[in-house]
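Me: I have a chain to go through. Can you take my questions one at a time?

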Amino acid sequence: MADSDVSHSAPLLLPDGFHQAVRQGTALLRLETTPSRTGILDGAWWPRSRDIATELPALVTALTEHLGPITRVGLDASAWNGLPTRLVIDGRVVHLDSDPVGDDTVLITRGHNDHFTLLLVPPDTTTEAAHAAMARAVGVDNMTKASQLLVAVVDPAHPRNDGPATA
C-alpha cells in the first residue's frame with residue numbers, strides 16, 4: 001500500500017458506549033511506547049468495574065504479553081470491592097498488595113524489582129475523558145501526577161498546575 005493510500009485524518013475517538021460494549025475479559029490498556037520511561041506514568045488502565053477478581057486477570061494477561069511475567073500488583077484496597085492477597089492468573093500466582101497508593105494508580109511488578117505505574121481511570125469515567133486521560137498518561141514527557149491528570153480531564157473546570165500539561 002502506498003503512502004498516498006493511507007488516510008492521514010485525525011486519530012479515531014472511542015465511540016459513545018465503548019466502555020460498556022467491550023467484551024468482558026478484555027483489558028482497556030495503553031502503555032508508553034518508548035523504552036526511556038522518563039515520565040511519571042508508564043501507562044493507563046480503564047477497568048469496567050470495581051471487582052478486582054473480574055478486572056485484574058485481563059490486565060495481567062495483557063501486561064504479561066508485553067512485559068513478561070507479572071509477580072505483584074499494588075492497589076489501594078479502598079478503591080475495590082474486596083481485595084484478596086493473591087489471584088491465580090494464567091496458571092501463575094500474582095500477589096496483590098494493599099498499599100495506600102491512592103485510587104488513581106496501580107503499581108505493577110515484573111520480576112523482583114522492575115516496577116511500572118499505571119494511571120487507574122475510574123470505571124464510571126466518560127469515554128471522552130477516559131480517552132484523554134489515557135492519551136496524556138502515555139505521553140513521552142508526561143510529568144503530571146495521576147491525580148492531577150484525572151482532575152484535569154474529568155473536571156477541566158478545576159485544573160491543577162503542579163506540573164506541565166501534555167497533549
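This is a predicted model: local features need pLDDT of at least 70, side-chain atom pairs count only at pLDDT 80 or more; totals for chains, interfaces and linings use all residues.

Me: Is tryptophan 45 buried or exposed?
Reply: Tryptophan 45 is buried, at a relative accessible area of 1%. Buried means under 20% relative accessible area, exposed over 50% and partly exposed in between, with a 1.4 Å probe and protein chains only.

Me: How many aromatic pairs?
Reply: The count is one. Rings of Phe, Tyr and Trp (its six-membered ring) pair if their centres lie within 6.5 Å; planes under 30 degrees apart count as stacked, over 60 as edge-to-face, the rest as tilted.

Me: Why is the pair of tryptophan 45 and tryptophan 80 called stacked?
Reply: The ring centres of tryptophan 45 and tryptophan 80 are 5.7 Å apart and the planes are at 20°, so the pair is stacked. Tryptophan 45 sits in strand E2 (residues 43-45) and tryptophan 80 in the loop between E3 and E4, 35 residues apart. Strands (E, at least two residues) and helices (H or I, at least four) are DSSP runs, numbered from the N terminus.

Me: And tryptophan 80, buried or exposed?
Reply: Tryptophan 80 counts as buried, at 6% relative accessibility.

Me: Which residues touch the most others in the largest nonpolar core?
Reply: Trp45, Leu56, Val73, Val106 and Ile108, out of 21 residues. A nonpolar core is a set of buried Ala, Val, Leu, Ile, Met, Phe, Trp, Tyr and Cys residues joined through side-chain atoms within 4.5 Å.

Me: Which element gives that core its largest share?
Reply: H2, with six residues.

Me: What does valine 73 touch?
Reply: Leaving out residues up to four places away in sequence, its contacts (heavy atoms within 4.5 Å) include Leu56, Val60, Val94 and Ile108.

Me: Switching topic. How do E4 and E5 run?
Reply: E4 and E5 run antiparallel, joined by four bridges; strands pair if DSSP finds at least two bridges between them. Isoleucine 89 has arginine 92 in E5 as its bridge partner. The two strands form a hairpin with two residues between them, and aspartate 90 in the turn has a positive phi of about 55°.

Me: Which residues are on the covered face of E4?
Reply: Leu87 and Ile89, while Arg86 and Val88 are on the uncovered one.

Methods: Residues are numbered from 1 along each chain as its sequence is written. Side-chain values use heavy atoms; hydrogens and water are left out.
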